[in-house]
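Hello,

Here is the structure I promised to pass on to you. Please open it first, and then read my notes below with it in view.

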Amino acid sequence: MALLHRPGRPAPTGRPRRLARTAAALAATLALLPPLVAAGGASAQEVPAADVDVHVNTQAALGRLSDTARGVNAAVWDSHMNDPEVAALMKTADVGAMRYPGGSYADIYHWETHTAPGGYVAPGTGFDAFMGTVRATGAQPILIANYGSGTPEEAAGWVRYANITKNYGAKYWEIGNEIYGNGHYGSGWEHDDHADKSPREYARQVRAYAAAMKAVDPTVKIGAVLTAPGNWPDGITGEGDPGDWNHTVLSQVTDVIDFVTVHWYAGGSDTSADTAMSRLTRLPGELREVRAQIDRYAGADSPRIGIALTEVNTNTGGAQLTARPNGLFAADAFMTALENGVFNVDWWNTHNGPGAITTVDGETDYGDMGMLASGSCTGDVCQPAPNTPFHPYYGMKMTGELGTAGDTMVAAASSAQDLSAHAVHRRDGRLSVLLINKNPDAARTVDLAYAGFSPSAAAPEVSRYARGDSDITDVTDSGASASRVTVPPYGMITVTLTPKSGTGPGASAAGIPGTPRLEAVTDTTARLSWTGTTGAARYLVQERDGAHTYLVGETTGTSVTLRNLPPGSNHTVNVLAADAAGRLAAPSDPLTFTTGTPADAACTVDYHRDTSWGNGFVATVSVRNLSDTPITGWTVDWDWPTDGQSVSSGWNATFHQSGRHVRVTAPENAGPLAPDGASTASFGFVGANDGPNPDPTVFRLNGTVCAGG
């Protein structure tokens, strides 16, 4: 049945056949190139010139790593999910969350009877057995209450058993899995017995589930299902619905939920992990749009509502899933998501089962979305022994080398598209930098530069995962320095540096300020406030532009008004406390906000998205002139918020796009725009979006900023 064979939710392959390993040709190891210096006429290897610059700024905090940052999915059809080796491997990788009972199976699974009508449930995969693995790992469970064939009362009974009877302390509970895939939008893989399959009914049921479950244990956190912006069915309005899935659900539930869940598979027509790595550039914009949607409906309560990325992988089926490039993707995806505001990322899946067999980078790729081998076979090609780690496991494990719960993610920028950089400022003052070389053919030599951090003269600790490594390998003696390191092709390096004595946040008498709050915003000003900290003589407000920061405000109090901001502009700021000697403490968590448009503008523009279909849309724009003189020969300008948005064709005007900028010119026969809003000029267009599709934030009529319609 479709439920069992949906890509990413495969039917179990049954009992694994006898292991038959295939020969895999491994490329020769390319170690780090040490910086040797010639002396006394002796020959020495020349230090390679740097071809990549990486800038790390510890004064630009991206948020703290949570104790649930790294997670994996577990499924009741997986007979190996509770093997002792699983807990040991996940504990070693610092996994803090395990999601159960397994994607779409959640909506047919009944926890009390441990049954999934229409599906297969493996022996030894019941809830108590799962919790044994969770506890042995030192993780927390993320549990999916059955929405498709369950009831609020059944979910409340599970909460009672888990947290009252067994005292498991299960904190995070999702209401259903991918409920938008219940057929309401035409495509259906998610089981849903409700007669009404609309987002309105889902929102009504979320309220009922939340009430029943919190009546048993008020401390549980309830999560509602959203779709990732730019991914189907985002933007599609079903028959009789007031809006698309996300807007309809959020408009009704923000007062009763504690987090939202989204799933992200890189996808695309090319199923290669290399392509998926390039598509990761879309993820930050999509997560920003999720936060903007929460902001819209939750208002000042928005910071309370978290975002969890409870499924992530390269593709929902296809090639390059167990091979090295998907290991690079895993490390990059985990850190990219965490740096952009999620508190939890869960890989799909722990074990999944083999698919198409291919050869990638000289190794057998088993077409398996699992982190660990299941030992099963495709034809006469069998996987390694159960629980043998695939490359994505080591990608996740490498992020554990970078930082753990409570450490601060900070901005890092690379000058090369094929080399990703991530950085974490540790609580003990050390700085760790992860470098991911996505080039399969060439090593990349990186020059490292820092803002807000002064490395000591001590040699850095260096960990590597590259061709020839069977695990993450300590290569501290390889010759890497604080300023230069060479990353092998298709390899990852983590460099951990100690601070120069007397420098860094540890040398400051001030503590960390609270996260800034947006008290009020206009078109050109923003008033911020924050909770003060001990030892602070003054506070600095810094705005981030990539990995660079600049001072935008300074005060001895705990609030500041930023002025002269452009209308409709986005800003991300941190607050830092300075002690009496001027030494800076660690930065606060960031705040991102957008300025508005002038209330007394001389024009209005109403931008309305009429319909959407995931990667395209139709919009209508209406313009009015509020000044006291007519306007003849008008132009309307705006900038798209993301690179993937464009105008394909339009009517009632002439359209021109350059980069993100769009200029619309009145048709030749257009009459003047009458003063005082007495007439309206309207035009429309078909647009395309490759990724998220947020509305433009500011429109200009003949160069004048307009108010929203």
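**Salt bridges and a helix pair**

Lys214, Asp258, Asp301 and Arg304 are joined in a network of salt bridges. Please keep in mind that this is a predicted model. Side chains of opposite charge can pair when their charged atoms come close. The count of salt bridges here comes to 29.

One of them is between the side chains of Arg99 and Glu174, at 2.6 Å from N to O.

Next, have a look at Asp407. Its side chain meets that of Arg426 in a salt bridge (4.0 Å, N to O), and Asp407 also forms a salt bridge with Arg427, with the closest N and O atoms 3.1 Å apart. Asp407 lies in the loop between H10 and E14 and Arg427 in the loop between E15 and E16, so that pair ties together parts 20 residues apart in sequence. Asp407 is buried at 2% relative accessibility and Arg426 is buried at 13%, whereas Arg427 is exposed at 60%.

Finally, the helices: H6 (residues 245–253) and H8 (residues 283–298) pack at an angle of about 35 degrees, with their axes 9 Å apart. Their contact is made by Asn246, His247, Leu250 and Ser251 of H6 with Gln293, Ile294, Arg296 and Tyr297 of H8. These residues divide into three nonpolar, four polar and one charged.

Happy exploring!

How values were computed. Residues are numbered from 1 along each chain as its sequence is written. This is a predicted model: local features need pLDDT of at least 70, side-chain atom pairs count only at pLDDT 80 or more; totals for chains, interfaces and linings use all residues. Side-chain values use heavy atoms; hydrogens and water are left out. Axes are lines fitted to C-alpha atoms, for helices over the stretch in contact, and angles run from 0 to 180 degrees between N-to-C directions. Helices (H or I, at least four residues) and strands (E, at least two) are DSSP runs, numbered from the N terminus. Contact means heavy atoms within 4.5 Å. Ala, Val, Leu, Ile, Met, Phe, Trp, Tyr, Cys and Pro count as nonpolar, Asp, Glu, Lys and Arg as charged, and the others, Gly among them, as polar. Buried means under 20% relative accessible area, exposed over 50%, partly exposed in between (1.4 Å probe, protein chains only).
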